[in-house]
Amino acid sequence: MIREKLIQGGFELLASKGLDGLTPEALAGHCNLFLPDVTDLCPTPLSILLLLWNDIEEKALCIQGMELSAHDYLFESIMNHLDLLEPHRTAIQRLVQDLSFAPGWLLDMKPYANRWSRQTLEDSGILVDGIQGDIKINVFSLFCLHILKTWSQDTTPDKSSTLSTIDQGLKNLEDWQGKLKEMVLPFLPFC
């Protein structure tokens, strides 16, 4: 009960006040809860943002086991997450806007974004071992942030701008992955 209230309140606070307003104290006031009840689950602003993301992750459809190419798997996974974020579009617009001016937040979020990226790439069948894998994970995280920005600003009724950006971006990432392999291959004994 408290968790659901915090998630709803967190998205509302993010939409209205942005990252600066995403504090345990503000969340407690917004949700009419005692501060210790909030800090038990969310002791920091980052933990509030992670609570919101974890809720989306828990609701995401499992597409493992489906016969999909890596491209199609990644496309479906990204769209699945965007569909879940749709009711919180205003909050995501504010998040993307605030992240443009908050490099500290980006650094704090990076390990969590990269963990999700690693799992998503692995689930799609893409190898993420070694230096090449680390590069793929970081690039995919940045790509997903770009997609989030595109999606949050997409005013087309069928989200065709977002769909096109995802599809073309994934094709570019596939091409880049092939080039990365060619570039790193001579250095493999050292990787």
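From the N terminus on, in what order do the elements of the chain run? They go α-α-α-α-α-α-α-α-α, and the secondary structure comes to nine helices and zero strands. Here helices (H or I, at least four residues) and strands (E, at least two) are DSSP runs, numbered from the N terminus.

Some ground rules. This is a predicted model, where local features need pLDDT of at least 70 and side-chain atom pairs count only at pLDDT 80 or more, while totals for chains, interfaces and linings use all residues. Residues are numbered from 1 along each chain as its sequence is written, and side-chain values use heavy atoms, with hydrogens and water left out.

Zoom out for a moment: along the principal axes, the C-alpha atoms of the chain fill a box of roughly 60 × 40 × 35 Å.

**Stop 1: α1 and α4**

Select residues 2-17 for α1 and 45-59 for α4. These helices pack at an angle of about 115°, with their axes 9 Å apart; axes are lines fitted to C-alpha atoms, for helices over the stretch in contact, and angles run from 0 to 180 degrees between N-to-C directions. That makes α1 roughly perpendicular to α4 (under 35 degrees counts as roughly parallel, over 145 as roughly antiparallel, 65 to 115 as roughly perpendicular and the rest as oblique). Show side chains next: the contact (heavy atoms within 4.5 Å) includes Leu6, Phe11 and Leu14 of α1 and Leu49, Leu52 and Ile56 of α4. By class, the contact of α1 with α4 has eight nonpolar, two polar and three charged residues. For the classes, Ala, Val, Leu, Ile, Met, Phe, Trp, Tyr, Cys and Pro count as nonpolar, Asp, Glu, Lys and Arg as charged, and the others, Gly among them, as polar.

**Stop 2**

**Stop 3: α4 and α7**

How far apart are the axes of α4 and α7? They are 11 Å apart, at an angle of about 25°, and α4 and α7 are therefore roughly parallel to each other. Among the residues making the contact are Trp53 of α4 and Trp105, Tyr112 and Trp116 of α7. Sorted by class, the contact of α4 with α7 has nine nonpolar, no polar and two charged residues.

**Stop 4: the largest pocket**

The largest pocket is lined by 30 residues, and Met109, Ala113, Ser141, Leu145 and Leu148 lie nearest its centre. Elements giving two or more residues to the lining of this pocket are α1, α4, α5 (70-85), α6, α7 (103-124) and α8 (130-153). Which element gives the most to the lining of the largest pocket? α7 does, with nine residues. Colour the lining of the largest pocket by class and you get 24 nonpolar, five polar and one charged.

Key: 1 Å grid on protein atoms, 1.4 Å probe; cavity = no way out; pocket = protein on both sides within 12 Å on 5 of 7 lines; lining within 4 Å.
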